[in-house]
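Trainee: I have a model open and would like to go through it with you. Can we take it piece by piece?

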Amino acid sequence: MPRILLLSSFIVGISLFHYLTPLHLPAFHDILQRLYYIPIILAAFWFGLRGGLISSIIVSILYAPHVLFQWGVQPSLELEKFLEILLYNVVGGVTGFLCQKEELRREELERTAQGLEESYRTLQRQADLIIEIEEQLRRAERLSAVGELSAMLAHEIRNPLGSIRGTAEILRDDFRPGEAKYEFLEILLKETDRLNRVVEDFLRLARPIDVERKTCDLVAELREVVTLLGGQAAGRQVRLELEAADIPPVAGDGERLRQVFFNLLLNGIQATGPGGRVAVRMTTVAADGDTPAGVELVFSDTGKGIAAADLERIFTPFFTTKEGGTGLGLAITQRIVEAHGGTIVVESEAGRGTTFRVRLPLG
C-alpha cells in the first residue's frame with residue numbers, strides 16, 4: 001500500500017504540474033514528460049508486468065487530455081506527444097516483463113538454495129550418525145577386550161583373593177585391636193576388598209547390561225540414594241540438595257538406576273571440598289523432533305571440575321582423574337543409561353564444578 005500511494009501521488013503530481021505550467025515554457029513540459037518514466041519503471045520493478053502496464057496506462061489516460069486540448073493547435077508537437085505516450089506503454093511493458101522474469105528466476109534460485117540447504121542438513125545428520133556408529137563400534141571393541149580380560153581376572157584373581165581374605169581373617173583373630181599386626185591385617189583385608197571391587201567392576205563392564213523394565217519412581221530412588229550418602233557427605237562437610245518436581249514414573253530398572261545415581265552423587269561428593277554443595281534437579285522435558293518426551297536429571301557440584309582435555313575421555317573405561325579410582329564407574333553408568341534408551345552428557349570447567357545431565361525417556 002505505501003508503494004501504491006507513492007506511485008499515485010507521483011503520477012498525479014506530475015500531471016498537475018503539466019496542466020498548470022503555461023505552454024510558453026516548453027522546456028518545463030519536456031522535463032515533466034520525462035519524469036513520467038520514474039513511476040512507470042518503479043511500478044514495473046515493484047509489481048512486475050501488471051504493475052508496469054497499469055501505471056503506463058494511467059499515465060497515458062492522464063496525459064492524453066493535456067496533449068489534445070493544450071497542444072492540439074500544434075500538430076507536429078501533438079504527434080510527438082502521442083509517440084511519447086506509446087513509448088510509456090512500451091517501457092512499462094518491457095520493464096515489467098523483464099522484472100517479473102527476474103523475480104521468477106530469483107524465486108527459483110531460492111528454492112534451489114533451500115533444496116541444497118536441506119540436502120546439506122541431511123548429509124550432516126548422516127555424517128553425525130556415521131560418527132556415532134563408529135564410536136559405538138570402537139566402544140564395543142574396547143568392551144570385547146575388557147570381556148576377555150575380565151574372564152581371565154575372574155579365574156586368576158578372585159579365587160586367590162578369597163583365600164587371602166580368609167587367611168587374613170583367621171590370623172587377625174590371634175591379635176587384639178590396637179596391636180601393630182592387627183592393624184596390618186586390617187589393611188590387608190581392606191586392600192583385598194578394594195581389589196575384589198575392581199574385579200567386580202571389570203565383570204560388570206564386560207557383561208551385557210540387561211534392564212528389567214517396570215514402573216520406576218525416580219524421586220523415591222533418588223531420595224533413597226541421597227539418604228544412603230548423607231552420612232558420607234556430612235563427613236566431608238558437603239551439602240546434599242534434592243529438588244524433585246512432580247515427575248511421572250518411567251519404565252526402567254530401579255536397581256540399575258540407583259547404581260547410576262549412586263555413582264554420580266558419590267563422584268560429586270568426592271570432588272567437592274568442605275563447604276561445597278552437590279545438587280540434584282529433576283524436570284520433565286517435552287518431545288523435540290525425533291527425541292521423545294522424557295525426564296532430565298541434573299547432577300551438579302561445586303568441586304574442582306574437569307579439565308577441557310579430559311572431558312572427551314571421561315566415559316572411557318580405565319580413564320580416571322581420581323586417586324585410587326579404577327576409571328570404570330562412569331563407563332558403567334553410561335552403559336546403564338544407554339540401556340534404558342537415555343543419554344548422559346557432562347559439562348565442566350576446571351575450578352568451577354561439574355554438571356552431569358541424564359535424560360531418560362518416559363515410555
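Trainee: Helix H9, residues 329-339: mostly covered or mostly exposed?
Mentor: Mostly covered, as eight of its eleven residues are buried. Buried means under 20% relative accessible area, exposed is over 50%, and partly exposed lies in between, with a 1.4 Å probe and protein chains only. Helices here are DSSP runs of H or I with at least four residues, strands are E runs of at least two, and both are numbered from the N terminus.

Trainee: Which residues in H9 are buried?
Mentor: Leu330, Ala331, Ile332, Thr333, Gln334, Arg335, Ile336 and Val337. Just after H9, glycine 341 has a positive phi of about 80 degrees.

Trainee: Before going on, what kind of model is this?
Mentor: It is a predicted model: local features need pLDDT of at least 70, side-chain atom pairs count only at pLDDT 80 or more, and totals for chains, interfaces and linings use all residues. Residues are numbered from 1 along each chain as its sequence is written, and side-chain values use heavy atoms, with hydrogens and water left out.

Trainee: What does the protein chain average in pLDDT?
Mentor: The average is 79, and 87% of the residues score at least 70. pLDDT is the predictor's confidence in each residue, from 0 to 100.

Trainee: Switching to aromatics. How many aromatic pairs are there?
Mentor: The count is two. Rings of Phe, Tyr and Trp (its six-membered ring) pair if their centres lie within 6.5 Å; planes under 30 degrees apart are stacked, over 60 edge-to-face, and the rest tilted. One of the pairs is phenylalanine 315 with phenylalanine 356, edge-to-face at 6.3 Å centre to centre and 75 degrees between the planes.

Trainee: And where do phenylalanine 315 and phenylalanine 356 sit?
Mentor: Phenylalanine 315 is in the loop between helix H8 (308-311) and H9, and phenylalanine 356 is in strand E7 (residues 354-361), so the pair links distant parts of the chain, 41 residues apart. Phenylalanine 315 is buried at 14% relative accessible area, and phenylalanine 356 is buried at 6%.

Trainee: Next, salt bridges. How many in the whole structure?
Mentor: The search finds twelve. The criterion is a side-chain nitrogen of Lys or Arg within 4 Å of a carboxyl oxygen of Asp or Glu. Glutamate 221 forms one with arginine 258, the closest N and O atoms being 2.6 Å apart.

Trainee: Why does that pair tie together separate parts of the sequence?
Mentor: Because glutamate 221 lies in helix H6 (residues 218-235) and arginine 258 in helix H7 (residues 254-271), 37 residues apart in sequence. Glutamate 221 counts as buried at 12% relative accessibility, while arginine 258 is partly exposed at 25%.

Trainee: What does arginine 357 form a salt bridge with?
Mentor: With glutamate 296, where the closest N and O atoms are 3.7 Å apart. That pair links strand E7 to strand E5 (residues 294-301), 61 residues apart. Arginine 357 is partly exposed, at 24% relative accessibility.

Trainee: Which residues do shared partners join into a network?
Mentor: Glu117, Glu118, Arg121 and Arg125 form one network of salt bridges.

Trainee: Last one: which residues form the nonpolar patch on the surface?
Mentor: Val12, Leu16, Tyr19, Leu20, Ile54, Ile58 and Leu62, with about 620 Å² of accessible area together. H1 gives the largest share, four residues.

Notes: Patch = residues over 30% accessible without salt bridge, like charges linked within 9 Å, V, L, I, M, F, W, Y side chains within 5 Å. Areas by Shrake-Rupley, 256 points an atom, 1.4 Å probe, with all protein chains shown as cover.
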